[in-house]
Amino acid sequence: MRIAEIPVGLEPVAVASRTNGEAWVVNNLSDDVSIVDLALMHTTATLRVGDEPSDVVFAGASSKAYVSVSQEDAVKVYDPANLATAPVVIPIPGRMPRALAKNPGG
């Protein structure tokens with residue numbers, strides 16, 4: 001049952017909840033991630049992440065955001081508590097990484 005439509009970027013391909021009140025939507029064509037406040041049903045921020053992002057997961061003790069950027073053969077790591085900080089870039093020794101996963105330990 002649909003309860004709302006929230007405008008995000010172009011060609012959304014993945015969504016992940018960071019908290020019960022916040023979701024991150026990966027937009028492949030617009031090369032960004034929309035951060036959505038689920039209580040307000042509104043996009044509160046947009047991160048320009050690079051060419052063709054494909055997925056996002058939250059992992060680690062401080063729940064960093066890991067975004068795969070397929071055309072850059074990289075994963076970019078963002079601090080949700082400080083979105084103004086430049087991401088850490090992790091090169092991937094493969095072509096066009098898409099899906100991400102985390103182990104049971106986070």
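Is M41 buried, exposed or partly exposed?

1. M41 is partly exposed, at a relative accessible area of 32%. Here buried means under 20% relative accessible area, exposed means over 50%, and partly exposed lies in between (1.4 Å probe, protein chains only). The model is a predicted one: local features need pLDDT of at least 70, side-chain atom pairs count only at pLDDT 80 or more, and totals for chains, interfaces and linings use all residues. Residues are numbered from 1 along each chain as its sequence is written, and side-chain values use heavy atoms, with hydrogens and water left out.

2. M41 sits in the loop between β3 (32-37) and β4 (42-48). Strands (E, at least two residues) and helices (H or I, at least four) are DSSP runs, numbered from the N terminus. With M1 and I3, M41 makes up a nonpolar surface patch of about 420 Å² accessible area together. Patch members have over 30% relative accessible area and no salt bridge; nonpolar side chains (Val, Leu, Ile, Met, Phe, Trp, Tyr) are joined within 5 Å, like charges within 9 Å. A salt bridge is a side-chain nitrogen of Lys or Arg within 4 Å of a carboxyl oxygen of Asp or Glu. Accessible areas come from the Shrake-Rupley method with a 1.4 Å probe, and for residues only the protein chains shown count as cover.

3. Next, the sheet. An open sheet is formed by 4 strands, in the order β1-β2-β3-β4, with antiparallel pairing. β1 (12-19) and β4 are the edge strands, each with a single partner, so one side of each has no neighbour in the sheet. From one strand to the next, the twist averages 25 degrees. For such angles, axes are lines fitted to C-alpha atoms, for helices over the stretch in contact, and values run from 0 to 180 degrees between N-to-C directions.

4. Within this sheet, β2 (residues 22-27) pairs with β3 over 6 bridges, in the antiparallel sense. Two strands count as paired if DSSP finds at least two bridges between them. A23 has V36 of β3 as its bridge partner.

5. Which residues touch the most other members of the largest nonpolar core? They are W24, V33, L47, V56 and V67, out of 14 residues. At least two core residues come from each of β1, β2, β3, β5 (53-59) and β6 (64-69). β6 gives the most, with 3 residues. A nonpolar core is a set of buried Ala, Val, Leu, Ile, Met, Phe, Trp, Tyr and Cys residues joined through side-chain atoms within 4.5 Å.

6. V33 lies in strand β3 and counts as buried, at 0% relative accessibility. The C-alpha atoms of V33 and S54 are separated by 9.7 Å, with the two residues 21 apart along the chain.

7. β6 and β7 (74-78) run antiparallel, joined by 5 bridges. V69 has A74 of β7 as its bridge partner. The two strands form a hairpin with 4 residues between them, and D73 in the turn has a positive phi of about 50 degrees.

8. How many residues of β7 are buried? The count is 5 of 5. A74, K76 and Y78 point one way, V75 and V77 the other. β7 also runs antiparallel to β8 (residues 88-91), with 4 bridges. There, V75 has I90 as its bridge partner.

9. One more backbone point. E52, in the loop between β4 and β5, has a positive phi near 60 degrees without being a glycine. E52 is partly exposed, with 25% relative accessible area.
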